[in-house]
Amino acid sequence: MLRPYLAVLSARFQLVLQYRAAALAGFATQCWWGGMKVLIYSAFYAGARAAPMSFAHTVSYTWLGQAFLMFLPWYADPEVADMVRTGAVAYERLRPVDAWGWWYARALAWTAARIAPRAGLMFVTAAVIMPLVGLGRWGLRLPADGAAVALFCAAILAAALLSATMTVLLNVVVAASLTDRGANAFAAPISIVLSGSLVPLAFFPHAFVPFLRLQPFAGLIDTPFRVWNGELAGLNAVGAIGLQLAWTLVLGILGRCAVESVMSRVQVQGG
Amino acid sequence: MAQVVVEGLRKTYRVAVREPGAWGAIRGLARRRWREIEALAGVSFAIGTGELVGFIGPNGAGKSTTIKILSGILRPSGGACEVDGLVPWRDRIRHVARIGVVFGQRTQLWWDLPVIDGFDLLRDIYRVDPARYRRTRDELVGLMRLGPLLDQPVRQLSLGQRMRCEIAAAMLHEPRLLFLDEPTIGLDAPAKLAVRELVGTLNRERGVTVVLTTHDMQDIEALARRVIVIGKGVILADEPLDAFRAGVLAERRVVADFAGEAPRIAIPGVEERAREGRSLELAFDPARIAAPALIAAIAADYPLEDIRVVQPQIEEVIARFYDLHGAGEA
């Protein structure tokens, strides 16, 4: 049943993983940004009277944000965008597979393959090297116990599943509008702000925070990182992961309807 | 038994009309106007199992639209169509699992993957039994001489090598019906011959039904026993290649080589078509003068060195046919 989807997932994962230069460049950029943000928070906390999170938690949140930056659906799958532009998207219809599942498997592989090397390097740097060289105060603190680690892994997995549903939705917009510019232009700012990647969601005005934590983008960054920090533990964490999965289901169903409707209308021009 | 049945197939595209100039562009923002283009205006034909049909017509005639509908990519505006008992656009997933498609202008293999990895991926996509896949793959690799190419990424292949791989890729799940849309476009002469040989072999030895669209009439001449000619969205001719050729151009040709410069020949019912140094191409009407009589008459009066009866070039037949039907590109 799942054979075609697993095959394309693994092929794409291996292919994207080969882009070592991109991973290293991304890692360097993310170290730089992470360092800048930690310095800014450091200055902010020096003068702050009441902060919504402890400094240590904010710093961990920041490094995790750099490690898992690629969860943000800030652009459509470039492979799909390319196929739409060249008309090769026609071949997609020639495969005996469900169109949504096909794009979903590829989006998941693409996200995972970009995250794996960057997250690995970032953990080693922020959680191991920084404390060793005496920068522990500005480094990544490990979770309190094994339960938190297990819940964090579940939340990260849910974030990956959720992120891929958003990428597929962007792909649909690209296929419908025949260009990736529009979709990418609105996806980046929305996802960066609403996920907590720009600043943790806790830093938003108090009245907004509960609502911000209900919307789907929170499941990409804010939810797993609060699990890491232990702010979400036990049943609260399980509930938050449930919310991530619920959004995955909703956006998945929405995406599947949208893919079918767009692909049945798509007219392959020329040739 | 008919494998493909098409009845009254219609397809209209709606395209946005933009008036020229800046003012036209601004007006288009406020009120977009649409124009309907009729790509297919009622097309009907049937193709039997094991046939090799050449599907030809000028650019924009509706060839590709028909192929796209038959392969399940495009939904028609009207009419009916069944392939092996399935309606392509309604039963898309089941339908596409049974057909093979090659678009000469696009690639279905992954650009960055070695050919063999692309094949393996197709095995999983089409859920082919691994043992059966190995057998089919090895047969195709032997048939198309792909052995040395298998480890290379697709982007490093020449167009001719790639096209052989594409055709093999389309056959890995052993479809009974193969659509080839301009498979020889852009290929050099040896590569074209190789592709033609492959397609012929697949059709003859494996009984694969082939629907071939092309602008290269040599492809048609080498492969197709039957041609369907389409122009401006309607079928203009659907008959065996020989009958088609005879119907369009009744005249026959001889090419004669002379010892000296080619002479002027005045025999009733014979016209000069081309002359080049000592060689002369003559057209004759077989109803007025038979070939042996013509050859005897020339040999009696002129220093003849060699003479061959030839068929008019298929390009010429097609061009004449399009002219007759006013079917050239709009």
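Biologist: What volume does the second largest cavity have?

Modeller: In this predicted model, the second largest cavity has a volume of about 60 Å³. The structure holds five cavities of 30 Å³ or more.

Biologist: What makes Y91(A) and H173(B) lining residues of the second largest cavity?

Modeller: A lining residue has an atom within 4 Å of a cavity point. Y91(A) and H173(B) line this cavity, therefore each has such an atom. Others in the lining include L94(A), R95(A), Q108(B) and Y126(B). β5(B) gives the most to the lining, with three residues.

Biologist: Why is the pair D124(B) and R3(A) called a salt bridge?

Modeller: The rule asks for a side-chain nitrogen of Lys or Arg within 4 Å of a carboxyl oxygen of Asp or Glu. The side chains of D124(B) and R3(A) meet at 2.9 Å, N to O, so the pair meets the rule. Across the interface of chain A and chain B, the rule finds one salt bridge.

Biologist: How do you know how much area chain A and chain B bury?

Modeller: Buried area is the accessible area lost on putting the two parts together, summed over both, so the value of about 2,800 Å² covers both chains. Of this, 56% is on carbon and sulfur atoms. In chain A, R3(A), Y91(A) and P96(A) lose the most area to chain B, together 26% of what that side buries.

Technical notes:
Residues numbered from 1 in each chain as written. Chains lettered and ligands numbered in written order. Predicted model: local features only at pLDDT ≥ 70, side-chain atom pairs only at ≥ 80, totals over all residues. Heavy atoms only, no water. Buried area = accessible area lost by both parts, 1.4 Å probe. 1 Å grid on protein atoms, 1.4 Å probe; cavity = no way out; pocket = protein on both sides within 12 Å on 5 of 7 lines; lining within 4 Å. Points joined across faces, edges and corners; volume = space filled by probe spheres on them. Helix = DSSP H or I, 4+ residues; strand = E, 2+ residues; numbered from the N terminus.
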